[in-house]
Amino acid sequence: MINSSPAGPILNRLSNASSAEEFFSLLGVDYDPKIVNIARLHILKRMGQYFAKEQFSGATEPEIRARCKAMLEQAYADFVASPPIDQRVFKVLKDAVAGPGKPTGFVPLSELK
């Protein structure tokens, strides 16, 4: 998820993190386990979206750490404020709500075997 091309210990550690809880721990962000249990992938995906917009070249390690922490805090806050279905960070959730004139997928019960 995290591209660690700009060398930095925190970026390297984040790129090797294997769980949402590890991201929160590495960056020192408090969280409610109930929210993370429901929205862990959504939170990390949203953080990745924020991360993709960042430029770290020339930033010091403390600045990089602070910016990463702020991104995780914002991503987490997004899912405290509303559930994953409302945020729609994954394509499958975006496609679940058909726009005007867009046909929805429907399989009648009679077709199921």
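A salt bridge is counted where a side-chain nitrogen of Lys or Arg lies within 4 Å of a carboxyl oxygen of Asp or Glu. The structure is a predicted model, in which local features need pLDDT of at least 70, side-chain atom pairs count only at pLDDT 80 or more, and totals for chains, interfaces and linings use all residues. Residues are numbered from 1 along each chain as its sequence is written, and side-chain values use heavy atoms, with hydrogens and water left out.

Three salt bridges were found in a search of the whole structure. In one of them, Glu21 pairs with Arg40, with the closest N and O atoms 2.8 Å apart. Glu21 belongs to helix α2 and Arg40 to helix α3, so the pair ties together parts that are 19 residues apart in sequence; helices are DSSP runs (H or I, at least four residues), numbered from the N terminus. Glu21 is partly exposed at 24% relative accessibility, and Arg40 is likewise partly exposed, with a relative accessible area of 24%. Here buried means under 20% relative accessible area, exposed over 50%, and partly exposed in between (1.4 Å probe, protein chains only).

A salt bridge also joins Asp78 and Arg46, whose closest N and O atoms are 2.8 Å apart. This pair links Asp78 in helix α4 with Arg46 in helix α3, 32 residues apart. Both Asp78 and Arg46 are buried. Arg67 and Glu54 meet through their side chains in a salt bridge of 2.6 Å, N to O. Arg67 is in helix α4, whereas Glu54 is in the loop between α3 and α4, 13 residues apart.

Helix α2 spans residues 20-27, and its buried residues are Ala20, Phe23, Phe24, Leu26 and Leu27. Viewed down the helix axis, these residues fall within an arc of 165 degrees, so they line one face of α2; the arc is that of the directions from the helix axis to the C-beta atoms. Their cover includes α1 (9-15), α3 (33-52) and α4 (61-81), contact being heavy atoms within 4.5 Å. Just after α2, Gly28 has a positive phi of about 70 degrees.

Three aromatic pairs were found in the whole structure. Rings of Phe, Tyr and Trp (its six-membered ring) pair if their centres lie within 6.5 Å, and planes under 30 degrees apart count as stacked, over 60 as edge-to-face and the rest as tilted. Phe24 and Tyr76 form an edge-to-face pair, 5.6 Å centre to centre with 80 degrees between the planes. Phe24 and Tyr76 are both buried. Phe51 and Phe56 form a tilted pair, at 5.3 Å and 45 degrees.

Terms used. Helix = DSSP H or I, 4+ residues; strand = E, 2+ residues; numbered from the N terminus.
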